[in-house]
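Subject: Structure handover

Hi,

Here is the structure I promised to pass on to you. Please have a look at it first, and then read my notes below.

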Amino acid sequence: MEKQKAIILKLGVIAFLCQAVFYLNSCEEAKFDPALTRTFTIESPSIGASYPIQVALPDNFNSVGEKFSTIYVLDGKQDFNLVANTCKNLSERYGVPNVIVVSIGYGRDRSMDYTPTKSGSSTGGAPEFLKFIENELIPKIEQDFNADTARESRVILGHSYGGLFAAFAFAVNNNLFGNYIMLSPSLWFDNEVTLLMEKQNRNGNQEAHQLVFMGIGEAENSGRMQAPFEAYYQILRDHYSDMSLSKNREHDLSHMGSKDPNIVKGLHYYFQNR
Amino acid sequence: MKPITYISLVFALFACTTAFTQNKSSTAVVSELTIEPGVGVHTNFGTDFLVTNLIQWNPTRRFSLGAHTSFNYNNISQRDFNYVKTNYNYSINQKFGAGTTFYSKKSSHTFLLMVGFKYTAFKETLYNPDFDKVSVAIKGFSPDYGLMYSYKKGLKKCFFTFRMYIPLYPWPVKGSDIDYIDGNRDNIALELGIGVRIK
């Protein structure tokens, strides 16, 4: 009987350790200061959907004072706190003005909003989503929060399909954003159609100054991510003379695992080179 | 409940099941040395194919040592996708571990904490005729450590074996979203094989 009790005790310890190992990863991201957070929903008549928006304001925000730059974050619900907290820290660390972080939540399927062409049942809505950002969201943000309206003061940050959308915005409406943080972009989409769009619009986009940070996980070995990523990087490097360009491969990390580290590195790059 | 919690619960369930099947009159077999070749998949089901082997030595009834080798053909199902060709994609894992074994009448359950390395190599080429051909080759070593559960069924010289290995590198704490651990979750190995008792 004693022996059985000892065995059960050991197994209990093993089970507890297994549980502890996996529960440790569920630590919540530190929440951004609620006093500096604004939330609202924006109805888009053109798309026919409502998008939840979260806005993180700088400490010294004043609606009639300094005009701040803006970072528009796709997949905003997941990444809002990380981006907002990181921007606050980097602003203090580098002694530069903070930014207004605008996270765009989901109004409809992200694969619809973030993909540039119809290549399946729920894809191809990026052109109208980009128009929504340009004509409905950005004017509201810049009016309500007195944000800087210059192209070079706007950043778009996206991961995966969000990174694809950022590359799409770069190619087809380069006047909207001057800074792009593209993380694990799904450039393979529809036979690399976004690379083709870049090529078609290259002449019109080469003149403007750009800042582009590209990040990916080194363990993204699904047979579609790395080669288009490298091809796109080489295209930007070789054809855009007035561009601040950087890329980062996160060692041993995969598609989702590399996301947070690349967000932080992308924001570092932006704050250092803006 | 988070997906990974289910996995850990399964792990715990195995442990508890074993606990309640303990019996003093058990005629359990102590396998002193076994070789257990097998095949398996990662939990990104269908994309990686594993050829593996576990050598297990139990110097005492409760103490187990193991050496696990795995050659993985990764991403076998999609090697040419949207003008992106996978030239090669494989990884080799070698781990050593120590742990304990619990016995029931016709089976045994071994839990090992394993440590080793992983070598990964893959190459992709973009050959879309609209662009210059671009290739990327990535290779390198990384640590590999985690938990292994090994189930052996059968009393004869040959026996059936099932293994599950949960890697704990990269350390799962990478973000607030449970999906952020996909590097680990997708690399949980499930293996089936036939073992042989050497002595």
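A residue is called buried when its relative accessible area is under 20%, exposed when over 50%, and partly exposed in between (1.4 Å probe, protein chains only). With that in hand, buried residues make up 49% of the 199 residues in chain B.

Some ground rules. This is a predicted model, in which local features need pLDDT of at least 70 and side-chain atom pairs count only at pLDDT 80 or more, while totals for chains, interfaces and linings use all residues. Residues are numbered from 1 along each chain as its sequence is written, chains are lettered from A and ligands numbered from 1 in the order in which they are written, and side-chain values use heavy atoms, with hydrogens and water left out.

On confidence, the model scores ipTM 0.87 and pTM 0.87. For chain B, the mean pLDDT (the predictor's confidence in each residue, from 0 to 100) is 84, and 78% of the residues reach 70 or more. Please treat one stretch with care: residues 16-27 of chain B stay under 50 in pLDDT.

Chain B has two helices and nine strands; these are DSSP runs numbered from the N terminus, with helices being H or I of at least four residues and strands E of at least two. Along the sequence they follow the pattern α-β-β-β-β-β-β-β-β-α-β.

Now the salt bridges, meaning a side-chain nitrogen of Lys or Arg within 4 Å of a carboxyl oxygen of Asp or Glu. In chain B, K152(B) and E36(B) pair up at 3.2 Å, N to O. K152(B) sits in strand β7 (residues 134-153) and E36(B) in strand β1 (residues 33-42), so this pair ties together parts 116 residues apart in sequence. Both K152(B) and E36(B) are buried, and salt bridges with shared partners join E36(B), K152(B), R163(B) and E191(B) into one network.

Chain A has its own examples. R154(A) forms a salt bridge with E142(A), with the closest N and O atoms 2.7 Å apart. Here R154(A) belongs to strand β5 (residues 154-159) and E142(A) to helix α4 (residues 126-144), and both are buried. By contrast, R202(A) and E198(A) both lie in helix α6 (residues 189-205), four residues apart, about one turn of the helix; their closest N and O atoms are 2.9 Å apart.

Key
Contact means heavy atoms within 4.5 Å.
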